[in-house]
Amino acid sequence: MKKIRNPYEGMEEQGYNCFACCPSNPFGLRMEFYEDGEDIVCLWEPHLNYQSWIGTLHGGIQATLLDEVGGWVVSRKLQTTGMTTHLNVRYKSSVPVGKGPLEIRARLREMKRNFAFIDAEISHEGRVCSTCEMIYCTFSKEVAKNDFLFNGCFLEEEQGPEAERNL
C-alpha cells in the first residue's frame, strides 16, 4: 500500500476543516488514506468518544467513514471532486471500539456519465462488519479546481501541484 498525500492539508486558513480527514480538526476522525491497487484504504482506530452502545462504534460514524473513503476514491482515482448523492449502508455486525484498528476499503465499480458508483466496507480483524453502495456526482476538473481548490490527489512518492505547498 502507498500513502496518499492529503491535497488540502495546510489549507486551514482557506477553510479546510473536514470532520473526517483534516489532521488538525480536534474533534475529527483524522483519517489517512492509502492506495492498494484499485482500492483506496484507511486504517483507523475507533476511539471510545465515537461509540454508541458500550464498546460499539456508532452507526453514524460508520457511515461517515464509508462516505469519506468513497470521496477519496473520487479524488485519487478520478482526479476530481464530487458530492454524495446516494449512500446505502448495511450494518452486518457490531464494530468494536478499543479492540484494534478497522480497515475501511473502497473501489470504483463503474462510471455512468459523471456518476461514480462506489462500493466500500468496514472490516475488523478480517470480518466484514458494514458494507456500502454509494453514488457520487463528480464535478468537472475546472469546477473542482475553481470551486473546491482541488489541484490533484497524489501519492507521497509522486510530484504534483500541491507537493510544493506541503514541503
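Two strands are said to pair if DSSP finds at least two bridges between them. With that settled, I turn to the structure before us, which is a predicted model.

Strand 6, residues 115-124, and strand 7, residues 127-138, pair in the antiparallel sense, and 10 bridges connect them.

Glu125, in the loop between strand 6 and strand 7, has a phi near 50 degrees, a positive value in a residue other than glycine. What is the relative accessibility of Glu125? The value is 70%, and Glu125 therefore counts as exposed, the cut-off being over 50%.

On its other pairing, strand 6 is joined to strand 5 by 10 bridges, and these two strands also run antiparallel. Here Glu110 stands opposite Phe117 in strand 6.

How many of the 10 residues of strand 6 are buried? Eight of them are, so strand 6 is largely enclosed by the rest of the structure. Buried in this context means under 20% relative accessible area.

Seven strands make up an open sheet, its order being 1-2-3-5-6-7-4, with antiparallel pairing. Strand 1, residues 2-3, and strand 4, residues 82-91, are at the edges; each has a single partner strand, so one side of each is left without a neighbour in the sheet.

Helix 1, residues 59-77, packs on this sheet. The strands touched by helix 1 are strand 2 (34-36), strand 3 (39-44), strand 4, strand 5 (102-112), strand 6 and strand 7. Relative to strand 7, the direction of helix 1 makes an angle of about 50 degrees.

Between helix 1 and strand 4 there is a loop that contains Gln79. Gln79 has a positive phi of about 55 degrees, although it is not a glycine. Is Gln79 exposed, or partly exposed? With a relative accessible area of 23%, Gln79 is partly exposed.

The largest pocket has a volume of about 510 Å³. It is lined by 24 residues, of which Tyr8, Glu68, Ser75, Thr81 and Gly82 are the closest to its centre. Helix 1 and strand 4 are the elements that give two or more residues to this lining. Which element gives the most to the lining of the largest pocket? Helix 1 does, with seven residues. By class, that lining comprises 13 nonpolar, nine polar and two charged residues.

The second largest pocket has a volume of about 160 Å³. Its lining consists of 14 residues, and the closest to the centre are Lys3, Ile4, Asn6, Glu9 and Glu32. In this lining, six residues are nonpolar, two are polar and six are charged.

Key:
Residues numbered from 1 in each chain as written. Predicted model: local features only at pLDDT ≥ 70, side-chain atom pairs only at ≥ 80, totals over all residues. Heavy atoms only, no water. Helix = DSSP H or I, 4+ residues; strand = E, 2+ residues; numbered from the N terminus. Contact = heavy atoms within 4.5 Å. Axes fitted to C-alpha atoms, helices over the stretch in contact; angles between N-to-C directions. 1 Å grid on protein atoms, 1.4 Å probe; cavity = no way out; pocket = protein on both sides within 12 Å on 5 of 7 lines; lining within 4 Å. Points joined across faces, edges and corners; volume = space filled by probe spheres on them. Nonpolar A, V, L, I, M, F, W, Y, C, P; charged D, E, K, R; others polar. Buried < 20%, exposed > 50% of the residue type's maximum accessible area, 1.4 Å probe, protein only.
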